[in-house]
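This report covers side-chain contacts in one protein chain.

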Amino acid sequence: MRSFDKFKIWVLLICLVSQLGQGFYLPGSYPHKYGVGNFLNVKVNSLTSIDTELPYSYYSLPFCQPQEGVKDSAENLGELLMGDRIENSPYRFKMYTNETEVFMCQTKPLSGEEFKLLKKRIDEMYQVNLILDNLPAIRYTRKEGYFLRWTGYPVGIKVQDVYYVFNHLKFTVLVHKYEETNVARVMGTGDGSEVISTVRKGETEAPGYMVVGFEVVPCSVQHAPDLGKNLKMYNKYPTPIKCDPTTVAMAIKENEAVSFTYEVSFVESDIKWPSRWDAYLKMEGAKVHWFSILNSLMVVTFLAGIVLVIFLRTVRRDLTRYEELDKEAQAQMNEELSGWKLVVSDVFRAPSNPSLLCAMVGDGVQILGMGVVTIMFAALGFMSPASRGTLITGMLFFYMILGVAAGYVAVRLWRTIYCGDHKGWVSVSWKAACFFPGIAFLILTTLNFLLWGSHSTGAIPFSLFVALILLWFCISVPLTLVGGYFGAKAPHIEYPVRTNQIPREIPPQKYPSWLLVLGAGTLPFGTLFIELFFIMSSLWMGRVYYVFGFLLIVMILLVTVCAEVSLVLTYMHLCVEDWKWWWKSFFASGSVAIYIFLYSVNYLIFDLKSLSGPVSATLYLGYSLFMVLAIMLATGTVGFLSSFWFVHYLFSSVKLD
């Protein structure tokens with residue numbers, strides 16, 4: 001009866017969770033109700049280009065500025081680190097009020113520098129990014145019978161050595177009638193809930209609308225310079241404007257002004273507010289994406305299963321043979337045979353550079369934990385593209401908090417290597433707190449100087465630079481030291497066998513052991529290279545990545561394969577009497593980073609063909625190196641910890657005198 005009651009409780013909890021999932025939209029902001037005639041303010045983000053990967057401020061080009069002046073919108077840490085600079089714009093709409101021929105401004109005659117800069121930005125294919133009610137402007141183009149989706153619109157276009165600017169924008173705002181949440185209908189039962197009204201006395205149900213779509217069509221329209229001199233912002237342009245995206249007319253010339261106009265129309269849509277991001281999250285080639293990921297998962301799971309079965313059978317057979325022999329037979333077997341049994345007195349000998357190994361394993365635990373927790377939260381919908389910058393902010397937060405785990409693992413491993421001696425644990429904690437962040441700091445500082453020199457918004461402001469250093473030394477380092485303190489107090493892992501004072505000589509090998517270590521990274525790379533393509537496309541091609549559920553599955557599979565590969569390689573080294581397995585087990589799975597870096601170089605050469613300039617290529621390689629280092633520490637830690645557990649279990653299972 002108790003089990004049936006537990007079953008009913010679980011059913012109720014599942015139903016409640018499903019109702020909550022249908023009733024709330026976890027990512028992004030809450031729905032905003034706009035009454036008819038209410039103002040809608042458009043914001044602008046940084047100008048971006050897949051040709052240079054250098055974002056620039058919208059107002060770095062001679063565009064119209066708002067009457068109240070340029071103001072920065074509220075930004076989080078993740079937005080600043082991603083190079084987003086969200087500012088107000090002069091574009092202003094009235095809810096459900098269609099407007100045409102709205103005059104914005106007429107710029108001053110373009111100076112020589114402005115003219116050259118505008119031509120350069122058009123050559124580099126820079127896009128203007130507009131935001132309305134947290135929705136980026138989306139542009140549809142038709143190519144070979146297919147509709148392509150783009151976020152933003154190009155600054156201009158070059159036709160037969162003449163540069164044209166898109167100076168007229170045709171906006172379409174999709175709206176959905178606001179549906180008031182009726183609490184009585186949700187919580188009540190039966191007919192009683194229908195008669196309870198949620199509207200108070202004296203209130204009227206004024207029609208309200210929510211923004212569910214924001215589309216833009218850029219046009220190049222020739223305006224007469226004389227007509228815009230006496231017009232003020234938001235005045236109606238005196239002549240009709242025909243927006244034809246297939247033709248261009250507004251050629252930019254030095255010492256000539258440019259007039260900007262726009263029109264807006266509101267269309268009622270069946271799209272509901274929680275589904276308004278679906279148009280952005282639909283990735284091109286979705287069928288290929290799902291099929292490739294599923295195929296990769298099936299193949300790698302099958303291979304990993306075969307490796308695991310063979311591995312377990314081999315080890316179990318060796319253990320069974322060894323334990324069934326009596327002492328004389330064991331001594332005779334030790335003389336006749338070679339293998340992992342002969343390195344019993346050397347297998348737990350301290351490795352070279354033990355403090356560095358401890359620091360790298362601690363940092364790997366910290367990075368791996370950050371990745372798993374971040375992807376889990378993203379898969380649950382807490383870190384969607386609707387909330388700009390939350391993914392990077394969440395990663396920083398989880399990384400700092402998990403400094404406790406880094407210090408704990410690093411110091412406990414240090415004490416285990418030295419058989420319980422806790423001397424020097426503070427130094428190990430400091431190394432764990434500064435190894436990966438220190439290298440990352442050097443890489444990002446170098447890249448930041450390049451961005452500063454290019455006057456890009458991707459450069460981290462000096463104030464934020466100071467804030468990151470304070471977060472590192474005031475939060476991350478103390479938490480790592482706290483974790484190290486608990487690691488020093490925790491009992492160390494005792495070795496099952498004793499270590500001789502004189503190390504055993506390792507017999508010469510037919511093949512270099514490091515060759516096997518480097519080759520071992522191919523199998524883990526096979527689990528993620530397809531997903532890696534979509535992640536790289538999201539980072540460098542401006543596409544939206546939102547299949548975190550598959551990414552979580554791929555990450556779990558990657559951890560499993562890394563552990564199995566490292567176990568097999570460690571066992572192979574022990575069988576040829578090579579007892580120096582510590583570093584080799586780390587780099588056996590960590591060598592996947594080499595293949596990821598080579599893939600990054602391949603992606604740069606064959607997929608980012610348009611990437612121009614040494615600065616852009618240096619930025620790409622620098623960020624790739626930063627990513628590869630983090631992956632190497634995370635995967636290497638998985639391999640080392642699994643090998644350590646295996647070696648400890650293997651030699652604790654053997655009966656020795």
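The count of aromatic pairs comes to 47, where rings of Phe, Tyr and Trp (its six-membered ring) pair if their centres lie within 6.5 Å, with planes under 30 degrees apart taken as stacked, over 60 as edge-to-face and the rest as tilted. One of the pairs is Phe63 with Phe260, which is edge-to-face at 5.8 Å centre to centre and 85° between the planes. This pair links distant parts of the chain, 197 residues apart: Phe63 is in the loop between β2 (39-44) and α2 (77-81), and Phe260 is in strand β15. Helices (H or I, at least four residues) and strands (E, at least two) are DSSP runs, numbered from the N terminus. Phe63 and Phe260 are both buried; buried means under 20% relative accessible area, exposed over 50%, and partly exposed in between (1.4 Å probe, protein chains only).

A second pair is formed by Tyr571 and Phe646, and because their ring centres are 6.3 Å apart with the planes at 70°, this pair is edge-to-face. Tyr571 lies in helix α16 and Phe646 in helix α19 (residues 614-652), so the contact ties together parts that are 75 residues apart in sequence. Tyr571 is buried at a relative accessible area of 8%, and Phe646 is buried at 3%. Ring pairs also join Phe441, Phe449, Trp452, Phe465, Trp472 and Phe473 into a cluster.

The model is a predicted one: local features need pLDDT of at least 70 and side-chain atom pairs count only at pLDDT 80 or more, while totals for chains, interfaces and linings use all residues. Residues are numbered from 1 along each chain as its sequence is written, and side-chain values use heavy atoms, with hydrogens and water left out.

Charges over rings come next. A charge sits over a ring if NZ of Lys or CZ of Arg is within 6 Å of the ring centre and within 35 degrees of the ring normal. The charged end of Arg121 is placed over the ring of Tyr126, 5.3 Å from its centre. Arg349 lies over the face of Trp579, with 5.6 Å to the ring centre.

Side chains of opposite charge can pair when their charged atoms come close. Searching the whole structure gives eight salt bridges, each a side-chain nitrogen of Lys or Arg within 4 Å of a carboxyl oxygen of Asp or Glu. The table lists some of them.

| Salt bridge | N to O distance |
|---|---|
| Glu101 and Lys236 | 3.0 Å |
| Arg276 and Asp133 | 3.0 Å |
| Glu577 and Arg504 | 3.0 Å |

Where in the chain are Glu101 and Lys236? Glu101 is in strand β4 (residues 99-106) and Lys236 is in the loop between β14 (208-219) and β15 (259-268), 135 residues apart. Glu101 counts as buried at 16% relative accessibility, whereas Lys236 counts as exposed at 51%.

The salt bridge between Arg276 and Asp133 also links distant parts of the chain, 143 residues apart. Arg276 is in the loop between β15 and α6 (278-281), and Asp133 is in the loop between β6 (130-132) and β7 (135-136). Arg276 is buried, with a relative accessible area of 4%, and Asp133 is buried at 16%.

For the salt bridge of Glu577 with Arg504, the partners are 73 residues apart. Glu577 is in the loop between α16 (548-575) and α17 (582-590), while Arg504 is in the loop between α13 (462-489) and α14 (513-519). Glu577 is buried at 11% relative accessible area, and Arg504 is partly exposed at 31%.
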